[in-house]
Amino acid sequence: MANRQQQTMRIAVVTETYPPEINGVANTMRQLVTGLSSRGHHVLLVRPRQATDRRVRAPRGHFLVPGLPIPGYRGLRFGLPVYWRLRHLWLRLRPDVLYVATEGPLGHAALNAGLRASIPVITGFHTQFHEYSRHYGLGLLTRPIVNTLKHFHNRSDATLVPTAALRSELNAAGFRNVHLFTRGVDTELFHPGRRSDALRREWGCGPDDVVVLYVGRIAAEKNIALALATMEALTAHAGAVHCVLVGDGPERARLARAHPRYRFVGAQVGPALASHYASGDLFLFPSLTETFGNVVTEAMASGIAVNAFDYAAAHEHIRHGSNGLLAPFGDQAAFMDEALSAAAAPKRLRTMGAAARRTAESLSWPQVISSVEERLLDVLRQKQSGKVVAVANRVGSAASRNGA
């Protein structure tokens, strides 16, 4: 058999979110699909039909299924559980291996159809749904949600997670065959050179003013209340501070009315998003519900200091006081104190931002995709070896019976 670098696979990737939807999972799936394709693999993307698909033909290699809007998440959809449609698809275009990225109705149907067809299946643990439940008055459902997720992932051949800490957490909770799928960052798009004086003037900033930036969903599960409380403290005590919030979400309109001094600029993508990052000075990341937090590495690549809790991407890549700031997990007072101290020392912010950029330059997406490719090949080969052993055992048993 050819070696890893030469073996070409037929890979089906199933996800209920994909660009132009804006979130970390969608971005990671785009990197996975394009990265595996660039390495010579034949990739079929299965995803829900989006609003933009009504105006143009679906891109080559995309298999679209029906979907419905996710309540409270404008612009996002979940795929319907089209089990039989997927069964027929796997019969017509049988993949060597299946990657199921999401645990929604489409993800469950894809897992069931893949197992029924004896296709090796890898699942991705991309979203902390059990943690989200605490922010919507559903804390009593946390344990049942964990059990449901465990049942889903343990039926697959392997589960991929973004950090070693999450792998340990899931192992302790009874998840099996958990492996790393780390995250990279596009250091050409997210770059300090995209800093814009014109954009800063639009925000009302002078050359030496400090821009405090938040990028992400404006929603309860992102701990947005702490971001705003920190901004209030900064504007009261740290001098010439301007606060900019990038993103959309169910809380945006209400919070924009409550905080008219802050700029709520909505969702940004591509070069515009990169320019917003690079034009900031201090990035606040108050979330406590991330599996990774792509915005952390995007901000670091943009050359701005990140203030975050010590877990997920921040734990992996930030060295406190050197290339960013870390507060103990859940310690909101420490989070605010770190922000106040940093904003009062703009020179220190610039030094940490430059160090953050140097760290981000080592986070290559091609290297990350190569490691996922290896895991897909490992699972495929294990399945193939298992089939050979099973056939040999059946042959041996038959021979023994005939000899008897």
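This is a walk through the model, one selection at a time.

Before you click, keep in mind that the model is predicted, with local features needing pLDDT of at least 70, side-chain atom pairs counting only at pLDDT 80 or more, and totals for chains, interfaces and linings using all residues. Residues are numbered from 1 along each chain as its sequence is written, and side-chain values use heavy atoms, with hydrogens and water left out.

**Stop 1**

Colour by secondary structure; helices (H or I, at least four residues) and strands (E, at least two) are DSSP runs, numbered from the N terminus. Look for an open sheet of seven strands in the order β3-β2-β1-β6-β7-β8-β9, with parallel pairing. Its edges are β3 (62-65) and β9 (178-180), each of which pairs on one side only. Pairing here requires at least two DSSP bridges between two strands. Ignoring direction, neighbouring strands of this sheet are turned by 25° against each other on average. Axes are lines fitted to C-alpha atoms, for helices over the stretch in contact, and angles run from 0 to 180 degrees between N-to-C directions.

Now show helix α2 (residues 83-92), which packs on the sheet and touches β1 (10-14), β2 (42-48), β3 and β6 (97-100). Contact, throughout this tour, means heavy atoms within 4.5 Å. The direction of α2 makes about 160° with that of β3.

**Stop 2**

Select β1. Four of its five residues are buried, so β1 is largely enclosed by the rest of the structure. Buried means under 20% relative accessible area, exposed over 50%, and partly exposed in between (1.4 Å probe, protein chains only).

Five bridges tie β1 to β2 in parallel; pick I11 and you'll find V43 as its bridge partner in β2. With β6, β1 pairs in the parallel sense over four bridges, and there A12 has L98 as its partner. Follow the chain from β1 through helix α1 (residues 24-38) to β2 and you trace a right-handed β-α-β unit. Right-handed means that, with the strands pointing away from the viewer, the path from the first strand over the helix to the second runs clockwise.

**Stop 3**

Move along to strand β7 (residues 121-124) and strand β8 (residues 158-161), a parallel pair with three bridges. I122 stands opposite A158 in β8.

Then click H153, in helix α5 (residues 142-154). Its relative accessibility is 1%, so H153 counts as buried. What is H153 in contact with, leaving aside neighbours within four places in sequence? The list is E103, T123, G124, F125, T159 and F175.

**Stop 4: strand β13**

Jump to strand β13 (residues 282-285). Both of its faces are covered: L282 and L284 are buried on one side, F283 and F285 on the other. In a regular strand the side chains alternate between the two faces of the sheet.

Strand β10 (residues 210-215) runs parallel to β13 and is joined to it by two bridges, with V212 opposite L282. Strand β14 (residues 305-309) is also parallel to β13, joined by four bridges, and here F283 stands opposite V306. Trace β13, helix α11 (residues 294-301) and β14 for another right-handed β-α-β unit.

**Stop 5**

Select helix α8 (residues 224-237). Its 14 residues reach 20 Å from first C-alpha to last, close to the 20 Å expected at 1.5 Å a residue; the expected span is 1.5 Å times one less than the number of residues. Its buried residues include I224, L228, M231 and L234. Just after α8, check G239, which takes a positive phi of about 80°.

Next, F264 in strand β12 (residues 263-266). F264 counts as buried because its relative accessibility is 13%. Beyond residues up to four places away in sequence, F264 touches I218, L228, L245, R252, L255, A256 and H259.

**Last stop: the cysteines**

How many disulfides are there? Zero, taking a disulfide as a pair of cysteine sulfur atoms within 2.5 Å. Show C205: the closest cysteine sulfur is in C243, 9.7 Å away, too far for a bond. C205 is buried at 10% relative accessibility, and C243 is buried at 3%.
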